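Please keep the viewer open as you read.

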Amino acid sequence: MLFDKWFPASISTFSGDIDFVFYLIFYIVGFWFLLTEGLIIYSLIRHRKGKAAFFDGSGKRQSSWILIPAAVVLLLDLAIDYAGGQVYDKVKIETPDHIDLQVLVTAQQYGWFFTYPGEDNVLGTSDDIIFDEDAGAVPLHIPVGKVVQLHLKSADVIHSFFVPELRLKQDIVPGRIIPVWFQVTKKYLRKEPYEIACAELCGFGHHTMRAFLVVQTEEEFTGWLKEQAEEQW
Amino acid sequence: MDHNGNTELRENSFWRKYLFSADHKTIGKQYLWLGLIMALVGGILAYFMRKQLAWPESETLTPNVYNAFVTMHGTIMVFFVAMPILLGCFGNFLIPLMIGADDMAFPRLNMLSFWTFFVGTLLLILSFFVPGGAAAAGWTGYAPLSAKPIYTGVNWGLNLWILSLALEFASVLMGGVNFMTTAITMRAEGMSWFRLPLMVWMQLSAAIIFMLSVGPTIAAAVLLLLDRLVGTGFFVPAQGGDPLLWQHLFWFFGHPEVYVVLLPGFGVLLEILPAGSRKPIFGYRIIIYSTLVAGVLSFIVWAHHMFVSGMNPNLSMPFSITTILISVPFAIVIFAMIATMWRGSIRLTTAMSFAIGTLMTFLMGGVTGIFNGSAAVDIFIHDTYFVVAHFHYTLFPATFFAAFAGIYFWFPKMFGRMLNETWGKVHFWLTFVGFNLVFLPMFRLGMAGHMRRLADPTQYNFLSTESIKSTQIFITWAAIGLLIGQAPFIVNFLRSIVAGEVAEENPWQANTLEWSTASPPPHGNFEVRPIVHHDPYNYSSPDADSDWLPQDQSLEEITT
């Protein structure tokens, strides 16, 4: 597509949907942009000399010149709302029924800390595998093709969890735990980790608040998690 | 004698005449000077930010200072440049002249409004020099980052930021009361509502929108100050507060504020386009109704700033729909402006160039707003350079292109001399090309996911590619060009005040009442109070001999 070179890779099950809405809007507003700029430039070139015409847009006939295009704008607006609404629902409102992995994400000035459920697959129990400040900057590991739900919480100010390739962004508000989900499409398994960014100004170290996202096969992931569990317990 | 009977205000000391003046024209010019000087400050801050972004290894700014500059650049450009020039200067200078009044309804309140604004500005400048430096929590001041000094390391800088904004709000409220009272009660004979120049309609709409929206934000500012000074915790969850409360209260005002700035900018265009095209405005009443609809809608779009904020996601789509719908009334106004030019006899003066430049650049800001307004796309582009590019394409046209158009257009009326047209054209092209070269590439950065407000983007691998880095460097050179491009204006402005060609009464052959009196108008504005016979955009009327028909001239007077 037109902007493939500029967009980050699109690796989640909904990233393509978000790009689709972007392109839909791009082509619709692109048409209006070119049309209106074209009319202005045409008028600038052609309507320079001689006596001006005298009309003021009053009356039904003349006002329809601008009201009919505006009605078309209204219809296109509704189409954009509809398409956008479907995708927003999918990403932010309807969580998949089956969740394979839950991870607690703690953001604080200026780092990310991840807590995995242990064997019971439930967060907040005694077998949780916790990476805190003492563990250093451990990347977020997730299995490819699985539905992952993150529970985002902040220890201090507002941060924002952002992975450009997932097309996923969610502010993290202190005092709340906000769930988000994603599923990395199978073909996007790669050795090189993705970057997790903080997208909300959070203090003077904001630009350093980065973590990595490691996408692994299911076997690699369970192996890694087991290793970590053994180390911690 | 002004209408309060204060003859002593008329001719007296230097102080009364130039400094503590209650004359709306002097106050308008004082706002203009203040706005232009603050624009320089804001521009210089932008220069340092751009230098840091293009060459982070130069360590031009430490991260704390970078955050402070980001915050202060936004605050200054919106509240201390756009507001004083578009409302303070154009509103004060033009409303009484355009409606045929001798001054504002409350001249002394007007003076108080300016000096309150002035003290607010001084406090803001002072905040750079207190220990800990200036506010560094973004111009939106999101809590709890802004609510406790420990989070940013800024203490009095942020307190002063709040106080200075409070004074600014108080000043604009006083101004707004004055605008409304004046336009409602002091219109000349024959100046009915639908004969008012659209500039007056726009100023009035802006004043009303401001008055109705600013309340919650003033309350929020007081709560924030209490959080900081007394330790209350209205926005601090550990103390039972809620950070999202701040965002709702802030954006309830923050979004309408965009239209407070934009509408007077449109007002400038709606005066210059008909005069420069020698044609009546197209759809005068439709423009007024559309503006009112947009004004009402502007109160129910605020949460489009919060699609990823953590508020109940079910709220997003209703706000997304209202946001995208607001494109309809604005599309109508834009179409009306183009139809006004259509089949005209366009005189491409510098003012007209800037007016058309406003239209051409604002269109880009308008259409890119749809991307942000779509809740789905916003998940990706929120808080990226796409948003930065978008709002500069809306606010820069209003704050600078439209303001420059207005300055070139009304300078003769303000100072009695003309600005140099040749240098004006040079200024236009440098600004138009420079602006687009700075902000168009920012869409590309945003589409790559480039976050805003990063003191050093190269901390991220995906922002350290050659393509991203060279784009950042390109933007910085363009920004330097844009800043240098303002030099012809500064020289032209200062020189023309003392040595410009002397202006006649009506150099643009325009119809509205301010052109029917001397340039500059005397104290009291009109020798004889004008009587209005026509709507303000009677250009090229087949009934008149010339292609303009001033509002205060009846057809009989002309034919006899």
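## Two helices side by side

Helices α1(A) and α12(B) are roughly antiparallel to each other, because angles over 145 degrees count as roughly antiparallel. This is a predicted model, in which local features need pLDDT of at least 70 and side-chain atom pairs count only at pLDDT 80 or more, while totals for chains, interfaces and linings use all residues. Residues are numbered from 1 along each chain as its sequence is written, chains are lettered from A and ligands numbered from 1 in the order in which they are written, and side-chain values use heavy atoms, with hydrogens and water left out.

Two packed helices are described by the angle between their axes and the distance between the axes. Here the axes of α1(A) and α12(B), the latter covering residues 350-373, come within 9 Å and cross at roughly 170°. Axes are lines fitted to C-alpha atoms, for helices over the stretch in contact, and angles run from 0 to 180 degrees between N-to-C directions. Helices (H or I, at least four residues) and strands (E, at least two) are DSSP runs, numbered from the N terminus.

Which residues make this contact (heavy atoms within 4.5 Å)? From α1(A) they include A:Phe22, A:Phe26, A:Val29 and A:Leu44, and from α12(B) they include B:Ile356, B:Met360, B:Leu363 and B:Phe371. By class, the contact of α1(A) with α12(B) has 16 nonpolar, one polar and one charged residues. Ala, Val, Leu, Ile, Met, Phe, Trp, Tyr, Cys and Pro count as nonpolar, Asp, Glu, Lys and Arg as charged, and the others, Gly among them, as polar.

## The whole interface

The contact takes 84 residues from chain A and 91 residues from chain B. About 7700 Å² is buried between the two chains, with carbon and sulfur atoms giving 71% of it. Buried area is the accessible area (1.4 Å probe) that two parts lose on being put together, summed over both. A:Tyr88, A:Leu201 and A:His207 supply 10% of the area that chain A buries against chain B, more than any other three residues.

A salt bridge is a side-chain nitrogen of Lys or Arg within 4 Å of a carboxyl oxygen of Asp or Glu. Within chain A, the side chains of A:Lys146 and A:Glu218 meet in a salt bridge (3.6 Å, N to O). This pair links distant parts of the chain, 72 residues apart: A:Lys146 is in the loop between β4 and β5, and A:Glu218 is in helix α3.

## Backbone details

| Peptide bond | Omega |
|---|---|
| A:Gln109 to A:Tyr110, cis | near -5° |
| B:Ala143 to B:Pro144, cis | near 5° |

A:Tyr110 is in the loop between β1 and β2 of chain A, and B:Pro144 is in the loop between α4 and α5 of chain B. B:Arg453, a residue other than glycine, has a positive phi near 60° and lies in the loop between α15 and α16 of chain B.

Key
Contact means heavy atoms within 4.5 Å. Angles under 35 degrees count as roughly parallel, over 145 as roughly antiparallel, 65 to 115 as roughly perpendicular and the rest as oblique.
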